[in-house]
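Q: Please take a close look at the aromatic pairs of this model and at the parts around them. How many aromatic pairs does the count come to?

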Amino acid sequence: MKASPQQLANLKLTKCWRSPEESRLIRMFVWQWLLGRGPNSGTHGLARWLGIGKAWIYELKKKLPVDQAEFQKAVARFGAPTVEALAAAREKSRKMRRQGLLRTQSPWKEIRVPWSERPREIPTK
């Protein structure tokens, strides 16, 4: 079934959450962890360390091959993942977010408590 031109015009382009570099580095860190060469922690600990959700790690576990040779090819092509490179990629994501190229998340979530006089703000990250 083909979409009509009107349906295609109505589609909204969804923005990514991260820059391509940050996504690639996170993928490389998860791949390294899958091969037993990353931090010695579980899925939840790795997700917290990388600042991502566990669900994305589970998705990457399904997609990434557990093959040392493939990982070495990726390292030869892009370089080994480092914490400094991840910090630089996150800074690029922040700049792209300020320019409106990436999705934004409000830094505070407002919660109304019936017995409180004012709404409380709780950080989401």
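A: The count comes to 2 aromatic pairs. Rings of Phe, Tyr and Trp (for Trp, its six-membered ring) pair if their centres lie within 6.5 Å; planes under 30 degrees apart count as stacked, over 60 as edge-to-face, and the rest as tilted. Helices (H or I, at least four residues) and strands (E, at least two) are DSSP runs, numbered from the N terminus.

The model is predicted: local features need pLDDT of at least 70, side-chain atom pairs count only at pLDDT 80 or more, and totals for chains, interfaces and linings use all residues. Residues are numbered from 1 along each chain as its sequence is written, and side-chain values use heavy atoms, with hydrogens and water left out.

The two partners of this pair can also be described by accessibility. Buried means under 20% relative accessible area, exposed over 50%, and partly exposed in between (1.4 Å probe, protein chains only). Phe-29 is buried because its relative accessible area is 5%, whereas Trp-49 has 43% and is partly exposed.

The other pair joins Trp-31 and Phe-71. Their ring centres are 5.4 Å apart and their planes stand at 80°, so this pair is edge-to-face. It too links distant parts of the chain: Trp-31 is in helix 2 and Phe-71 in helix 5 (residues 68-78), 40 residues apart. Both Trp-31 and Phe-71 are buried.

Helix 2 and helix 5, which hold Trp-31 and Phe-71, pack at an angle of about 145°, and their axes are 11 Å apart. Axes are lines fitted to C-alpha atoms, for helices over the stretch in contact, and angles run from 0 to 180 degrees between N-to-C directions. The crossing of helix 2 and helix 5 is left-handed. A crossing is left-handed if the near helix is turned anticlockwise from the far one by less than a right angle, and right-handed if clockwise. On the helix 2 side the contact (heavy atoms within 4.5 Å) is made by Arg-24, Met-28, Trp-31 and Gln-32, and on the helix 5 side by Glu-70, Phe-71, Ala-74, Val-75 and Phe-78.

Helix 2 packs against helix 6 at about 150°, with the axes 8 Å apart. The two are therefore roughly antiparallel; angles under 35 degrees count as roughly parallel, over 145 as roughly antiparallel, 65 to 115 as roughly perpendicular, and the rest as oblique. This crossing of helix 2 and helix 6 is also left-handed. Here Glu-21, Glu-22, Leu-25, Ile-26 and Phe-29 of helix 2 meet residues of helix 6 that include Val-83, Ala-85, Leu-86 and Ala-89.

Leaving aside neighbours within four places in sequence, Trp-49 is in contact with Phe-29, Pro-39 and Val-83.

Thr-82 is found in the loop between helix 5 and helix 6 (83-98). Its relative accessibility is 32%, so Thr-82 counts as partly exposed. A polar atom of the Thr-82 side chain lies 3.1 Å from the backbone nitrogen of Ala-85. Thr-82 and Met-28 are 54 residues apart in sequence, and their C-alpha atoms are 9.6 Å apart in space.

Helix 3, which holds Trp-49, also meets helix 4 (residues 54-63): their axes come within 9 Å and cross at roughly 110°. That angle makes helix 3 roughly perpendicular to helix 4. Helix 3 passes helix 4 in a right-handed crossing. Thr-43, His-44, Leu-46 and Ala-47 of helix 3 make the contact with Lys-54, Ile-57, Tyr-58 and Lys-61 of helix 4. Thr-43 counts as buried because its relative accessibility is 13%. Not counting residues up to four places away in sequence, Thr-43 touches Trp-33, Ile-57, Tyr-58 and Lys-61.

As for the whole chain, the secondary structure comes to 6 helices and 2 strands, in the pattern α-α-α-α-α-α-β-β along the sequence. Of the 125 residues, 25% are buried.

Key
A polar contact is a pair of N or O atoms within 3.5 Å; within protein, one must be able to donate a hydrogen and the other to accept it, and residues adjacent in sequence count only if both atoms are side-chain atoms.
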